[in-house]
Structures are given as C-alpha cells and as structure tokens.
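I opened this notebook to record a search for charged side-chain pairs. The entries follow the order in which I looked things up.

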Amino acid sequence: LVKQAEWVEYKIQIYSYDDAPQKVKKYAKLISKRYNLNLVEFSNRKQLLSYIDEMFDLLNKTYNKLQSFVPIQTYQVKHYKEKYISYINPKYIKCITDKSDKLIAFAITMPSFSKALKKANGSLYPFGFYHILRALKKNDCAAFYLIGIDPAFQNKGVTAILFDSIQKMFNQQGVSEVETNPELEENNAIQLLWKNYEHKLHKRRRTYRKVIS
C-alpha cells in the first residue's frame, strides 16, 4: 500500500475581541474599502436561502483544482437545502459581495455537534433531537466547515473581513474553540488562514492505494 492522500484538522482558540489579532481587524477595514466590498450577515434562514445556490457555485470554483474534489451537482444542492437548512444557525454564516452585489466569498461555521451526537449514542429518538437542538443554541465549541473565495479575489486579504465578523459572532455566542474540517495537507492556502490564531494540529486522516496487476 502507498499513500494516496492525507487530511489534517486543527483546533483553534478564540480570543476575546480585544485580544483578537489587530492585523485581522486592520485588514478587514482596509480590504473592504479598497475593493468596495460588503459584508452580508443573516438573522433568519429565509434571508440565507437566496444565497445558497451562489455559495455552491463559488465552492466549485474555489476547490476544483484539488485532487479529491468532486463538483457538486444541482440535485445535490436541492437535497442539501431541503434536508439541512433547518439545522443551520444563520448567524454562523457570513458572505461578502462586491459593488455589483455578486457573491465573492463566504464562510460556513456551525455549533459543534460532536458532544451532542455522543450523548445521543447514535440515535435521534427518544432524546437525541434534544441534545442536537441544545447544541445549536448553547455551545462553546464550533466547527469550521467551509470557506469559498472567488479566484479573482484570492490572496487579496478578503478572509480578514470574514474572520473579523466571525470573531465578533463567536464572542457573542460564547464560543471559545473551533475545529476545522479535514483539509488536504497540500492545501497550504487554507492552512495559512489560521496563522494569526493560536492553533494545534490534532487529527490526521490518510487514504492508501495499491495497484493490482
């Protein structure tokens, strides 16, 4: 067997806003003004729904060069919207639009369900739903699922706007720690996003292959 691919996951500590990296705060204001960008935040799921299709389109553009990426199809988007939108806390999702109101970046975070799923012991009934709903409303740990940035705006500091907004939201929600989703080890662009924050690599996942002749 030989190594095919490897993914890494990080735990990131969340500061109070006063202690958050000044560099991120400074660049958030500077980049917004330089490129005439607007931060879009959501207070309910109805507002969020109008951006979902654009977010999936942007996701395909962001990750289409990674070795394990498979484009998300229209029927999958429809399925995700129908099945998972009710479990989303819209405050945890941030978007950025340009001066023409075109979506150019987004970040999806969620309250972590790890502890809730462990308490549910693999079953939603009779009390599993209670643990999940409770995790949605009161949770000191979050999960960083996805970040998408239009190729035209990559390496221009746009993530500072997203992180500054997420930092404020996490402080308001009482979140003190975030876990990233699995990231390909060669995806240096994503891993560099955490450089301004205290972070620790805590998981590795690896796939192997064997040529059978």
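Is Asp 164 buried or exposed? I found that Asp 164 counts as buried, at 11% relative accessibility (buried means under 20% relative accessible area, exposed over 50%, partly exposed in between, with a 1.4 Å probe and protein chains only).

Basis of the entries. I worked on a predicted model, in which local features need pLDDT of at least 70 and side-chain atom pairs count only at pLDDT 80 or more, while totals for chains, interfaces and linings use all residues. Residues are numbered from 1 along each chain as its sequence is written, and side-chain values use heavy atoms, with hydrogens and water left out.

Entry on the partner of Asp 164. I noted a salt bridge between Asp 164 and Lys 168, with the closest N and O atoms 3.6 Å apart (a salt bridge is a side-chain nitrogen of Lys or Arg within 4 Å of a carboxyl oxygen of Asp or Glu). Both residues lie in helix α6, 4 residues apart, about one turn of the helix (helices, H or I of at least four residues, and strands, E of at least two, are DSSP runs numbered from the N terminus). Lys 168 is partly exposed, at a relative accessible area of 37%.

Entry on the whole structure. Side chains of opposite charge can pair when their charged atoms come close.

Entry on Arg 204. I recorded a salt bridge from Arg 204 to Glu 6, the closest N and O atoms being 2.5 Å apart. Arg 204 belongs to strand β8 (residues 199–209) and Glu 6 to strand β1 (residues 2–13), so this pair ties together parts that are 198 residues apart in sequence. I then looked up accessibility: Arg 204 is exposed, at 53%, whereas Glu 6 is buried, at 2%.

Entry on Asp 150. I found Asp 150 in a salt bridge with Lys 102, with 3.7 Å between the closest N and O atoms. Asp 150 sits in the loop between β5 (141–149) and α6 (158–173), and Lys 102 in the loop between β3 (93–97) and β4 (103–111), so the pair ties together parts 48 residues apart in sequence. Asp 150 is buried, with a relative accessible area of 7%; Lys 102 is partly exposed, with 40%.

Entry on Lys 118. I located Lys 118 in helix α4 (residues 114–120) and found this residue exposed, at 71% relative accessible area.
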